[in-house]
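Me: I would like to go through this model in questions and answers, covering the ligand, the domains and the helix packing.

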Amino acid sequence: METVHATGPIAVLGCGKIGEALVRGMLESGFAAPAQIRASARRPERAAYLQTTFGIHAGTGNAAIAGGAAVVVLALKPNLVLPILEEIRPALAPGAVVISLAAAISLAQMEQAAGGATAVIRAMPNTPALIRHGMTALARGRHVSEPQMTAAAGLFASVGRVVTVEEKHLDAVTGLSASGPAFAYMVVESMAEGGVRAGLPRDLALELAAQTIVGAGAMVLTTGEHPAKLKDNVTTPAGCTVDGLLELEAGGLRVALIKAVSRAAKRAGELGNK
Ligand SMILES: NC(=O)c1ccc[n+]([C@@H]2O[C@H](COP(=O)([O-])OP(=O)(O)OC[C@H]3O[C@@H](n4cnc5c(N)ncnc54)[C@H](OP(=O)(O)O)[C@@H]3O)[C@@H](O)[C@H]2O)c1
């Protein structure tokens with residue numbers, strides 16, 4: 001993956017799990033140097049951890065951390081996004097772009113809280129950003145310039161793939177690719193359990209299951225083939241795979257996964273009200 005470089009300071013407010021994944025990814029990819037990144041958290045000990053672990057400047061004062069940054073990432077829980085946006089509003093540098101990772105807080109709400117013609121973007125990344133295999137969807141606000149959009153896309157490209165979507169699709173994206181790693185972990189865990197049941201040592205079963213899911217995902221992306229065709233290629237007539245597929249159909253795997261994504265997407269739409 002080709003890495004572009006950050007052109008200005010980046011502030012990550014609310015640097016918890018996903019914020020830390022972004023910071024780590026930006027540093028490991030060489031997208032940004034520690035001196036370019038600042039982060040905030042609620043607890044001083046969390047800020048101290050971020051400072052010690054990554055060599056970045058971190059603190060608990062959101063306005064101080066956001067001030068002067070070219071890109072301000074709000075990695076906060078949804079209920080904190082608008083109050084903290086109002087709080088940091090006077091400190092925002094001219095030309096700064098604010099990127100929220102929160103489900104359900106709309107671009108219009110952010111534009112109103114930030115005031116004036118502030119450039120705001122919604123981003124929905126996922127935790128594999130931690131190892132630079134993330135999937136992020138971006139939705140663009142009305143006042144975002146091309147260079148600001150390029151800066152945002154560059155940041156998330158440093159930790160994986162990036163797509164741009166219309167805002168109306170972000171809840172569905174949340175249910176699919178942001179919640180999806182948890183669904184995939186359950187698939188990996190269960191396939192490994194099957195390997196153990198068939199006599200494999202647990203560590204080996206886990207490695208085989210995980211790499212199989214990595215490989216299958218990469219096949220879909222690399223070949224551009226429909227997954228059904230790729231599945232057919234594995235399925236020898238009267239072979240073993242078709243027996244396994246039959247079990248998955250009988251167990252309702254398809255329906256379970258479809259329902260899991262749509263339930264998570266529905267919940268994503270409710271989160272801003274909590
Ligand atoms: N996890 C994911 O895979 C994922 C994916 C996409 C989007 N998101 C979104 O990203 C956001 C954060 O999720 P998360 O899983 O990273 O949550 P998290 O681990 O709980 O992180 C939230 C962070 O916000 C900090 N915080 C709380 N109050 C604050 C304040 N007043 N000022 C500054 N920082 C404050 C917390 O600090 P302390 O640690 O000191 O309490 C914590 O580090 C959510 O909106 C979520 O929907 C998450």
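Me: How many residues surround the ligand, and which helix supplies the largest share of the shell?

Reply: This is a predicted model. In it, 26 residues surround the ligand, and the closest are Gly14, Gly16, Arg42, Arg43 and Arg46. Helix H1 (17-28) and helix H4 (78-88) each supply at least two residues of the shell. The largest share, three residues, comes from H1.

Me: How many residues of the shell around the ligand are nonpolar, polar and charged?

Reply: Arg42, Arg43 and Arg46 are among the closest residues to the ligand, and Arg counts as charged. Over the whole shell the classes are 14 nonpolar, seven polar and five charged residues.

Me: What separation do the centres of domain 1 and domain 2 have?

Reply: The protein chain is divided into domain 1 (10-173) and domain 2 (180-273). The contact takes nine residues from domain 1 and eight residues from domain 2. On the domain 1 side, the residues touching domain 2 are six nonpolar, two polar and one charged. Taken over C-alpha atoms, the separation of the two centres is 31 Å.

Me: Are H8 and H9 parallel or oblique to each other?

Reply: Helix H8 (residues 180-197) and helix H9 (residues 202-223) have axes 8 Å apart and pack at an angle of about 135°. An angle over 145 degrees would count as roughly antiparallel, and 65 to 115 as roughly perpendicular. H8 and H9 are therefore oblique.

Me: Which residues of H9 meet H8, and which hand does the crossing have?

Reply: From H8, the contact takes Ala184, Val187, Val188, Met191, Ala192, Gly195 and Val196. Facing them in H9 are Arg202, Ala205, Leu206, Leu208, Ala209, Ala210 and Ile213. By class, the contact of H8 with H9 has twelve nonpolar, one polar and one charged residues. The crossing of H8 and H9 is right-handed.

Me: Are H4 and H5 roughly parallel or roughly antiparallel?

Reply: The axes of H4 and helix H5 (residues 107-114) come within 8 Å and cross at roughly 30°. Angles under 35 degrees count as roughly parallel. H4 and H5 are therefore roughly parallel.

Me: How many residues in the contact of H4 with H5 are nonpolar?

Reply: The crossing of H4 and H5 is right-handed. H4 contributes Leu82, Leu85 and Glu86, and H5 contributes Gln109, Met110, Ala113 and Ala114. In this contact one residue is polar and one is charged, and the nonpolar ones number five.

Me: At what angle do H7 and H12 pack, and which orientation does that make?

Reply: Helix H7 (residues 170-178) and helix H12 (residues 253-270) have axes 7 Å apart and an angle of about 130°. That makes H7, relative to H12, oblique.

Me: Which hand does the crossing of H7 and H12 have, and which residues make the contact?

Reply: The crossing of H7 and H12 is right-handed. The contact divides into six nonpolar, four polar and one charged residues. H7 supplies Asp171, Ala172, Thr174, Gly175 and Leu176. From H12 come Val261, Ser262, Ala264, Ala265, Ala268 and Gly269.

Notes
Residues are numbered from 1 along each chain as its sequence is written. This is a predicted model: local features need pLDDT of at least 70, side-chain atom pairs count only at pLDDT 80 or more; totals for chains, interfaces and linings use all residues. A residue is near a molecule or strand if its C-beta atom, placed from the backbone, lies within 6 Å of it. Helices (H or I, at least four residues) and strands (E, at least two) are DSSP runs, numbered from the N terminus. Axes are lines fitted to C-alpha atoms, for helices over the stretch in contact, and angles run from 0 to 180 degrees between N-to-C directions. A crossing is left-handed if the near helix is turned anticlockwise from the far one by less than a right angle, and right-handed if clockwise. Two residues are in contact if their C-beta atoms, placed from the backbone, lie within 7 Å. Domain bounds come from an automatic or database domain assignment.
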